[in-house]
Amino acid sequence: MQTTDLLNSYYVDTHTWDEMYARDAIRQQYKGVVDFLQQMSIDELNKKEEFAKRMFMSQGITFTVYSSGEGIEKIFPFDIIPRIITASEWSYIESGIRQRLKALNLFLKDVYNNQFIIKDGIVPVDIVYSCPHFLREMHGFPVPHDIYVHIAGIDLIRDQDGTFYILEDNLRTPSGVSYMLENREITKRIFPDLIPRNNVRTVTEYPDILHRNLVSLSPRQTVNPTIVLLTPGIYNSAYFEHTTLARLMGVELVEGRDLVIDNHRVFMKTTAGLQQVDVIYRRVDDEFLDPLVFKPDSMLGVAGIMSAYRKGNVAIVNAVGNGVADDKAIYAYVPAMIRYYLNEEPILKNVPTYQLGNLEEREYVLANIERMVVKKTNGSGGYGMLMGNSATDEEIASYKAEILKDPRQYIGQPIISLSSAPCYMHGRLKPRRVDLRPFALCGPDGIQIVPGGLTRVALREGSLVVNSSQGGGSKDTWVLI
Amino acid sequence: MLSRVADSLYWMSRYMERTDGILRMLKINYASSQDDIQEFSWKPVLRIFTYLDEETSTAIAHQSRTVLQYMVTDKENANSVLNIITRARENARSVQDHITKELWQCLNDFYHTIRDEQLVRGLHSDDPVSILDVLIRQGLLYYGIADVTMARGEGFSFINIGKFLERGVQSADILDVKFSDRGYDVTRQDTTYWKYLLLSISGYELYLKTYRSGFEARNVVELIVLNEDFPRSVIYSINQLQRYFERLKSDRNKEAYRKIDFMIGRIRSKVKYTTVESIFQQGLHAYLNGVKEDLYEIGIAFNQHYFAYS
């Protein structure tokens, strides 16, 4: 069967921006891929989809779900059709992210030192001090090169006219970059020659740039500093990513129990005794990092690591305390920060955000709840949020009661009807909603963003939630020259 | 190298060696069970390789398929191949950045192969030998990939230390149990019995080439304990253990090195400079037990001096 049928059930409603279709014509950037797919039979495409799944399984690109004492290996769903971004779209996104990160970094430095932005009344003091991720332990401590955010995974979405919006700034321990890398590897295998023929920019430099940045942070002046990646261990759902990055950078993958502090220095326990550690790329959250300072029952951290950090004997990436800058209540003030610190107009827009801690805004959100999404300010992964358009009356009522207990913990945003991109579903292409998470790296030489990122996709028809914990999958993401 | 990493590599390797040993043993015992005048008993096998109590193992001792299933895929059996492979894989998973991608994928594939439900059914309804062969080949692939792709560093040494320590213990174990089955009677002539024992550790051809006088207990012991060219003999395992251990010598951790070096040297002399006659004089069981104890002690010393991290 020649695949002219491939597109015949692709319907996009008029209120959605589609990445592939503009009215009834296929956008220029997708033509190469669509032509290529149409030369293949449904059987071949099904085989390729199967082959992709097998490769993820065999390489162990999986996470383990434990139930009844037995581990079950799962893969994150992967859609074989790439998501394509044009060169002009990318340069716009890139400049917007660069601007935003610059401002966020300055904000972190400011808020943990002189707090000019609070004194000048740009960001309200209570919003900062009520944020659970605002850590006094970081006050007045100069981080190396004034860089707090070394790695950011900023989430972007597009609404119905194709405008890009920033949805979230992930500045703590953003994950997903290994999927950006692995998805590309899989595409190379299942669609030979397709990538060079479409002039897709490469993403493989990511680990090299990150490694270079980590080396440059070493407090000891040595040719060969010891860099480690600190993981919570094999039961963490992102463990695969930790091993991949450690391997690609050639650094040691350690757990908290491998490290020990002596005289405010960090050492790892090796077969030949203790070896000093210079830079820690940690994938353990702030709260678990040091049982002496944060959660006393944390088994994942290292007792005394904060004092070593504050003495400047070890660099920690990302910096501790970044959560105050990607808090969902602070988010609303990022455009103001950009104007305040950089004296520039924000390039990328924020989604309008209402603080439920503020009486008028709360009343507005509650009155219009069916058009709103309400989120917890410190939540992530799509947990604890309410989609007003699809929730039942009871859900809304009980959620409202929760909100009133502590309104500061919630924000409301109008529901944005995410853009859609083609997905391969049982022999047909179907539109499904997507977002985009590019990964930005900040080092002493500036900000670098690898041309690509993670496209998450809501595989359920009509769903607007792309989080992997809520049935989302991912796609290879192409940036064209 | 991190102590935890060394520990995981060592155990990954021990578990893989154990897997290989168990699978070969099962294959040959199954073959032997088809070639027995009386009804074949799996009891000695169950006694070495499982924790089953006397009553339960007597109950299934004559049911080959049940035993195979129990030994290969039973989740309740801590020593089933499935559980051992799972543990080997967990260890490998936590040190993925220290083994090659090829080695990890091989182990991961092994894990997925043995969890394949069709395979489980095959053990019951098809020819079990083909299924054991699939698994044994997967293990051989692991050995090959480790040998061809792994860098000759510290990690490779720990992998081999684990492998040969485990092999030494296994060979001593198999011999001990086979003889206990015969009441340590070394004078009995029992061709089929010794033949299958040798086959199970790939020593059959070498035996035929070395000894022209048929199957005798004395020669079997000599081959399995003292033959330096036989890759599954006790002395071969100890020689290799020593060889890879010597590569760990460095200026750091000197004291630990000296201590373990002494232990390995002592047991090596004990095996190398002995004869079958003197072994029989001491009693085979006592001798093999002594060797095993010494090997276990070396394992404990490694744990103390190289792997301690918590």
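## About the model

This is a predicted model, in which local features need pLDDT of at least 70 and side-chain atom pairs count only at pLDDT 80 or more, while totals for chains, interfaces and linings use all residues. Residues are numbered from 1 along each chain as its sequence is written, and chains are lettered from A and ligands numbered from 1 in the order in which they are written.

## Chain B as a whole

Chain B has 16 helices and zero strands; helices (H or I, at least four residues) and strands (E, at least two) are DSSP runs, numbered from the N terminus. Its radius of gyration is 20 Å, close to the 19 Å from the globule rule for 310 residues, so chain B is as compact as a globular protein of that length. That radius is taken over C-alpha atoms, and the rule is 2.2 Å times the number of residues to the power 0.38. Along the principal axes, the C-alpha atoms of chain B fill a box of roughly 60 × 50 × 35 Å.

Of the 310 residues in chain B, 44% are buried (20 or more other C-beta atoms within 10 Å of the residue's own, with C-beta atoms placed from the backbone).

## Where chain B meets chain A

Here 22 residues of chain B are in contact with 20 residues of chain A, contact being C-beta atoms, placed from the backbone, within 7 Å. Helix 1 (3–33), helix 5 (81–93) and helix 6 (101–114) of chain B each supply at least two residues of the side that touches chain A. Helix 6 of chain B gives the most, with five residues.

By class, this side of chain B has six nonpolar, nine polar and seven charged residues. Ala, Val, Leu, Ile, Met, Phe, Trp, Tyr, Cys and Pro count as nonpolar, Asp, Glu, Lys and Arg as charged, and the others, Gly among them, as polar.

## One face of a helix in chain A

In helix 8 (residues 206–216) of chain A, the residues A:Y206, A:P207, A:L210, A:N213 and A:L214 are buried. Seen down the helix axis, the buried residues fall within an arc of 125 degrees, so they line one face of helix 8. The arc is that of the directions from the helix axis to the C-beta atoms. Their cover includes helix 6 (177–190) and helix 9 (239–249) of chain A.

## The nonpolar cores

A nonpolar core is a set of buried Ala, Val, Leu, Ile, Met, Phe, Trp, Tyr and Cys residues joined through C-beta atoms within 7 Å. The largest has 209 residues, and A:I280 and B:V81 have the most contacts inside it. Helix 1 of chain B gives the most to this core, with 14 residues.

Notes
Buried ≥ 20, exposed ≤ 12 C-beta atoms within 10 Å, placed from the backbone. Contact = placed C-beta atoms within 7 Å.
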